[in-house]
Structures are given as C-alpha cells and as structure tokens.
Amino acid sequence: METFDYVIVGAGSAGCVLANRLSEDPSVSICVLEAGPRDWHPYIHLPAGFIKTFHMRSINWAYQQEVGPWTGGRSIYAPRGKTLGGSSSINGHIFNRGQRQDFDTWAQLGNRGWGYPDVLPYFKRLERRIGEGDDQYRGREGSLTVTTMDWKDPLCEAFMAGAISLGIPPNPDYNGAIQEGVSYAQRTIKNGLRVSAAKAFLHPARKRGNVHVRTHAHATQIILEGKRAVGVRYIKGGRNGTPVEVRAAKEVILSGGSYNSPQLLQLSGIGSPELLRSHGIEVHHALPGVGEGLQDHYAPRTVARVKNIKTINQLRQGWHLWVEALKWAITRRGLLSLSPTMVYCFWHSGETTESSDLQMTFTPASYKEGVQGQLEDEPGMTVASWQQRPESRGYVRIRSADPFEPPIIQTNYLVAELDRRVVVAGMKLARRLLKSEPLAPYYDYEDFPGPNVQSDDEFLDAATRRGTTTFHPGCTCRMGPADSTWAVVDDHLRVHGLQGLRVIDASIMPRMISANLNASTLMIADKASDLIRGKSFG
Ligand SMILES: Cc1cc2nc3c(=O)[nH]c(=O)nc-3n(C[C@H](O)[C@H](O)[C@H](O)COP(=O)(O)OP(=O)(O)OC[C@H]3O[C@@H](n4cnc5c(N)ncnc54)[C@H](O)[C@@H]3O)c2cc1C
C-alpha cells in the first residue's frame, strides 16, 4: 500500500489550494484523490461554457435535491463540479468575499482566529486583483486573477443607472471596505479564460513533483485505526472499478464539498448513530452534527421582456454566434467571454437592516423556467434576488451504505419566516429596478412573476414556484467548540474526537455568509494550510 504524508479527498476549490500550499515543502508528499476526470474539456475554460457544463454529467455530480416544504412540490437541481478544480471549474466565475460581519460572527460562535482581521490577510494572499481596489483590502501578487467584467452592455449600464436612481450608490469595489452598492461583477477570468482553482493552484503545484493527483478515484471510506484516520479507500474507475487503499502518514483531509464530505464521513461510520445504524453502518465515532445544518441561497428570478435592443438570447443565435466565436478567438472578448451574471447589486430589505441582506444580479438574458441552463429565444433581462444570510437549515444524509448512491439533500429553503420575508422584499426590489426610468426605453413588460402578482402572499407563491439554488451549499460539517452539539470540526478544522482527520471546504462554515462561496472557500483552505503547518501569517 502506498503511503503519503497527506491524502486529500477532492481536487475542488479547497483541495487545490491545500495541495499547492502543503507542497511548498519539498520533503512532504501529497496524494489528491479526485472522483472526476482531468479538466481538459474546452467548455470548462471558455467562460460562456458555463451553460454547457451546467448539465454535463461527465464533470458534474448533477444532484437533485429533495422536494422542500416551500419549493412548490419541485425537486431543485444541484450541479457540483466533478473534475480538477471541482465546482470552481463549472461555476459562474463571480468573486465575492462577503462582509466583515460574516467572519466576525464565525469568531463570536467560538472559533478563534476566524474574525475578519484574521481572514483578511488570506483573502489578500490568494488573489492577484487587476483593477480597482484599496490595497488595504486587496491583494496584487497572489495566483488567482480577479478582474472586473469589461463588457459594457447598454442594458447593464441602464440597470446600474436605474439602481442609482433608486438611491443605491455605485461601489467601485464590493470586496473592499463596504459591500453595499451597485457595480459590474468581479470575476476569476484572465484573458477571456476561466481561472479555476486547478488552474491557479493545482497545476502549478504538480510541477513540483511531490503532488500526486489521481483522477477517476472515488473515495468510499476513511480508514480508521481506533480513533485515528490512517488512510483512504477508493475505487478507481467508477462503481465496478478497482478498489485501492492509500495511507496518510500525517493526515487525511476531506475537501469533497458540502454534499460529499459529510457523505464520506457517514459512510465511514462517523456521524449520527441513529442514521448510521439505520443503514447498517457500524458506528466508529458518534458525531451528530455531521451533515446537519445545510444552508444555501435561494433565488427567484424576475424576468422582463425587452424591446429596441438585442439581448444575449438573440446574440447567441445563428450567424451572431459565429461572429462572436471569431471575436473571442481573435480578441478573447465578446459574448463567449461572459459570465452568467454581469452586474452586482447589494442592498437591504428594510431601513433598519444593519448591513445589506439582499444580493441582486442582473443579466441581459433570460432563461427557460428561470433556471440558468437554457436561454430563452425571445429578448429578455433577468434580476435574480436572494437573501444573503438565510436562517433556514437542512441536512445531507446518506441514502444508503452504497458510496455511489447520491446523498439525500434537503435544504429546507424558506422554512424560516425571516427568509420568506426577505425573499419577498428582494422580488419587490427586483421589480422596481427593472421598471426604473433608465431602463424604460428597453422595458417591454414583466414576464415573471407578472403584473398580476401584487400582494406579499402572491410574491411568496411565485418564489416557491420558480426559485432555484444559487449553488452555494455550506455548513454541513460546521466549525465550532467541542461542547456544541452541532459542531463537527474545531477551529483548526480537526474533526472533534478523532486524530489525523480534518475537513477543509465550504462545509465547515458555521453560518452562511453574505456572498457566493468560492472566494471564502479558497480563503478557508489557505488559512487551514497554515494551521496544518503551524505557521501564522498576516
Ligand atoms: C453551477 C455553479 C455556479 C457557481 N457559481 C459561483 C460563482 O459564480 N461564484 C462563487 O463564488 N461561487 C460559485 N459557486 C460555488 C462555488 O464554486 C463553491 O462553493 C466552491 O467551489 C466549493 O468549493 P469546495 O472545495 O467546498 O467544493 P468543490 O469545489 O465542489 O470540490 C469538491 C471536489 O471533491 C470531489 N469529490 C467529492 N466527493 C469525492 C469522493 N468521494 N472522492 C473523490 N473526490 C470527491 C468533487 O468531484 C470535487 O472536485 C457555484 C457553484 C456551482 C456548482
């Protein structure tokens, strides 16, 4: 059996950063197990390829969530990256860190070293910001290029003018001192190509020679000796493939993401004893918080039909697409360099809300059934609106002892009364934004939820019929003190009560943050790499 110092399960956002930082020491050996293939597919790298990878099962786990109490009887689709780079290889490229208060709250929950002043140096260390930003907050020398959307579409310009006309200020850098305001989106795009975590961190690290990446390697169990994790069992090449074991001389690190990390813990006998026994799994370590506490952002998309201008819906049809393809090939700009959302707007649902609790995104395009996978044919524009810090919590639980069976994902969207209120406020604001004076030359009529929807109850009903995930699951292996029943890892991300085992990915967030999760997941991994090495920084 082969032995490495560290075995990392999952080459996603977190796993790639960890492999990079830990391999800086040439005497250390690292094995990265990734269930998916290499990230060779061209659609991964082409920004507009997002719409294709969204459903591409060869590089996407393509999960379905359980029907929730407030999802109108619908099971919501939950894509997840399954390739080098993980979800950062199929995501919408948006770079958004969140607010100071998000991380201060993590610290207040008993997690030492996770307040905003502690995490800011890691956000800075990661990035190579090209564009606006105060260097007190922004990094200029990291590996992850962050640029600002450079496609100046008249509809985007009118949307921003409309936001300003409603009193929402322009903000040149929502990753700086204050998040609130409106601006073009910041993206992990360089020269018209995606900068995934694999591109920024894993591929450069592989050149060092001490990082061993195994693709098509589906981890099925953590090998435990007593209370110590000593290795990982995986199947090479899918369900009927070859079983293999690798040993970790120092540590096993789970970076499988918010759905798969708790699933692997449960499959390995770590979790709620009742759940494990109900599937005939021997309990190695009782830890009831595993898989519990799932949070996500839930977004209804308000759509208006557009007149007097072409939207992306038309620009990707017929000869237009050929022109755009040529433009991208020559200049790396144009339609194919775009992200699914272009303008970002952060605002508050009520006058007494302390910091922005609504995130609104604008796109001069519209999608069938409001789901981002398929564009509509007629001209449209969309405002997605979501509550930044929902209170509703759900869970991830194994469906059976079969490691190839998808877990049960129940997010419980909108179960908390506050969440319903804020989501309705977001939809009302979306309507006002689309109806603002600067957009009037282009605004034809509201297609969804439609003019008949007026009361709060009607907005809520529309939200339950058409809301979707914004792909930000977190909080299923929460970081917290040992005496809290919900905590899975301590503030060094070590699994409570076990040795040689950490979870390092989006699942460790104790509470949902006011942002898309890629930036903070990269930060978590970067900070964790120093915790593992006993280093401090900043
Ligand atoms: C469609 C989509 C759009 C998004 N858009 C944005 C955006 O614009 N901006 C943003 O900030 N965030 C966005 N996100 C979210 C963000 O990308 C994720 O939150 C982040 O990448 C999560 O990182 P992670 O390391 O926790 O997990 P992941 O990056 O998902 O990595 C987990 C890795 O582990 C592997 N794995 C899982 N189980 C096993 C196993 N048993 N054995 C071996 N390997 C395994 C997976 O295949 C995967 O490669 C989006 C996500 C999606 C899916």
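The model is predicted: local features need pLDDT of at least 70, side-chain atom pairs count only at pLDDT 80 or more, and totals for chains, interfaces and linings use all residues. Residues are numbered from 1 along each chain as its sequence is written, and side-chain values use heavy atoms, with hydrogens and water left out.

**Ligand site**

- The ligand is surrounded by 38 residues, each having a heavy atom within 4 Å of it; Ser13, Glu34, Ser87, Ala219 and Asn518 are the closest.
- The shell around the ligand consists of 14 nonpolar, 20 polar and 4 charged residues. Ala, Val, Leu, Ile, Met, Phe, Trp, Tyr, Cys and Pro count as nonpolar, Asp, Glu, Lys and Arg as charged, and the others, Gly among them, as polar.
- Oxygen atoms of the ligand lie 3.3 Å from a backbone N or O atom of Thr83, 3.2 Å from a side-chain N or O atom of Asn91 and 3.3 Å from a backbone N or O atom of His93.
- Of the 1000 Å² of accessible area that the ligand has on its own, the protein covers 98% (Shrake-Rupley method, 1.4 Å probe).
- Helix H1 (13-22), strand S12 (217-225), helix H8 (257-267) and helix H14 (518-533) each give two or more residues to this shell. S12 has the largest share, 3 residues. Helices (H or I, at least four residues) and strands (E, at least two) are DSSP runs, numbered from the N terminus.

**Pockets**

- A pocket is an open set of points on a 1 Å grid over the protein atoms alone, where a 1.4 Å probe fits, with protein on both sides within 12 Å along at least five of seven lines; lining residues have an atom within 4 Å of a point. Its volume is the space filled by probe spheres set on the points, which are joined across faces, edges and corners.
- The largest pocket holds about 580 Å³ of space. It is lined by 25 residues, with Ala48, Ile51, Arg316, Leu336 and Leu375 closest to its centre.
- Helix H3 (residues 50-53) gives the most to the lining of the largest pocket, 3 residues; by class, this lining has 16 nonpolar, 6 polar and 3 charged residues.
- The second largest pocket has a volume of about 460 Å³. Its lining has 20 residues, and Arg389, Pro390, Glu391, Leu418 and Arg511 lie nearest its centre.
- Helix H4 (100-108) and helix H12 (417-434) each supply at least two residues of the lining of the second largest pocket, and H4 gives the most, with 4. The classes here are 5 nonpolar, 8 polar and 7 charged.

**Individual residues**

- His93, in the loop between strand S4 (77-78) and H4, has a positive phi of about 70 degrees although it is not a glycine.
- Asn308 sits in the loop between strand S19 (301-306) and helix H10 (312-315) and is exposed, at 64%.
- His348 lies in the loop between strand S20 (343-347) and strand S21 (358-363) and is buried at 14% relative accessibility. The side chains of His348 and Glu180 make a polar contact at 3.0 Å (a pair of N or O atoms within 3.5 Å, one able to donate a hydrogen and the other to accept it).
- The peptide bond from Phe448 to Pro449 is cis, with omega near 5 degrees.

Notes:
Buried < 20%, exposed > 50% of the residue type's maximum accessible area, 1.4 Å probe, protein only.
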